[in-house]
Amino acid sequence: MPQVIEWVSPGPEDIVWRYPNENIEWGAQLIVREYEVAVFFRDGKAYDVLGPGRHTLTTANLPLLTAVLSRIAGYPTTPFKATVIFVSTKQFRGMFGGRTQTSELAPLMFRGSYWFKVADPKVFVVEVVGGQSLYTSQEVSEFVRGFINERLIKFLAGYDLATVFTRVDEVSFKAKAFVLEELRRIGLELIDLKFEGIDTTPEYRDRLFWLRQTGAAAYVLQMDTAKEVARELGKSPGAAVGAGVVMIPPLLAPPPAQPPAAAAPAAAPAAAAPAAPPTKACPQCGRQAPIDALFCPYCGYRFPPPSRKCPSCGRDVPGDAAFCPYCGTRLQ
């Protein structure tokens, strides 16, 4: 009775499975189902990869492993030592989410979904399964989720809060491209990545809305930073206390954007109306948001993002995309 090596009844969320017996016999029957590959792994390296089908293990279909075994023992002995790792090539979905800080140190919370599949089983086994000693699907899923979270935290930290909220399609598109390249290094292909929620604290949410209304974003953020500096100086003894006392009064003064807003109704109320930026009502909380806002600054509701059709493949793409993410057609 030949040895039979088979991944029996894999579940829909199973990504990898390790055959428990590392003593493999020549002539063993290796059964690989559709959407599976079997990778022979030994001493931290992945050697031969066999695709779907029924294989009788011989030196002919395991040339790389045979060469290694011959160098070790002088000839391919039986049984030989190797780990057989089955890898599913199906598409899987995961959820990401985390908290980071933008370039002006504003808190930013994000969450969403991603879809991926194993594109290079040998690289995947070396970098993730064998390299990280992750031999169960749950361990691999948690690793991929943490990997993507870490990259998104790093990526979003390069943007300011206003850009993330008002140009979410552009940020999402670039984030996907960034994560795609990172996953490719570990043998995975990113099928898609979608942000389903972006939020900040109520303080920064109100501030963002006010900044959008007045257009004094840079000045207000500069004032906030200066206040934080003065507050920290005030905590220090000696001269730092004096510095904080001197700096705080002018920083706490009303922002310069308020006088024009107060003077406008007195001088010409009718003329002030056109200066107010257009708004739209949030269908979830009913409050007003800037007309081009992609998220409600009060409840985080995501307004339907603008999109357009790719003239080549006809799929929906972000309105400001330069290239179609599905067929690569140049759009601008």
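**Close-up views of a predicted model**

**View 1. An open sheet of three strands.** Three strands, ordered S1-S4-S7, make up an open sheet with mixed pairing. Strands are DSSP runs of E, at least two residues; helices are runs of H or I, at least four; both are numbered from the N terminus. Two strands pair if DSSP finds at least two bridges between them. S1 (4-6) and S7 (53-56) are the edge strands; each has a single partner strand, so one side of each lacks a neighbour in the sheet. On average, neighbouring strands here are turned by 20° against each other, direction ignored. The axes behind this angle are lines fitted to C-alpha atoms, and angles run from 0 to 180 degrees between N-to-C directions. This is a predicted model: local features need pLDDT of at least 70, side-chain atom pairs count only at pLDDT 80 or more, and totals for chains, interfaces and linings use all residues. Residues are numbered from 1 along each chain as its sequence is written, and side-chain values use heavy atoms, with hydrogens and water left out.

**View 2. The S1 and S4 pair.** S1 and S4 (residues 29-32) run parallel, joined by three bridges. Ile 5 has Leu 30 in S4 as its bridge partner.

**View 3. The largest pocket.** The largest pocket holds about 350 Å³ of space. A pocket is an open set of points on a 1 Å grid over the protein atoms alone, where a 1.4 Å probe fits, with protein on both sides within 12 Å along at least five of seven lines; lining residues have an atom within 4 Å of a point. Its volume is the space filled by probe spheres set on the points, which are joined across faces, edges and corners. Of the 18 lining residues, Asp 169, Ser 172, Lys 194, Pro 318 and Tyr 326 are closest to the centre. H5 (168-184), S12 (188-199) and S16 (316-318) each supply at least two lining residues. H5 gives the most, with five.

**View 4. Thr 100 in strand S10.** Thr 100 lies in S10 (residues 92-101). Thr 100 is buried at 8% relative accessible area (buried means under 20%, with a 1.4 Å probe and protein chains only). Its side chain reaches the backbone oxygen of Ile 153 at 3.3 Å.

**View 5. The hairpin of S10 and S11.** Ten bridges link S10 to S11 (residues 107-118), and the two run antiparallel. Phe 96 stands opposite Gly 112 in S11. Five residues lie between the strands of this hairpin, where Leu 105 takes a positive phi near 70°.

Note on methods:
Buried means under 20% relative accessible area, exposed over 50%, partly exposed in between (1.4 Å probe, protein chains only). A polar contact is a pair of N or O atoms within 3.5 Å; within protein, one must be able to donate a hydrogen and the other to accept it, and residues adjacent in sequence count only if both atoms are side-chain atoms.
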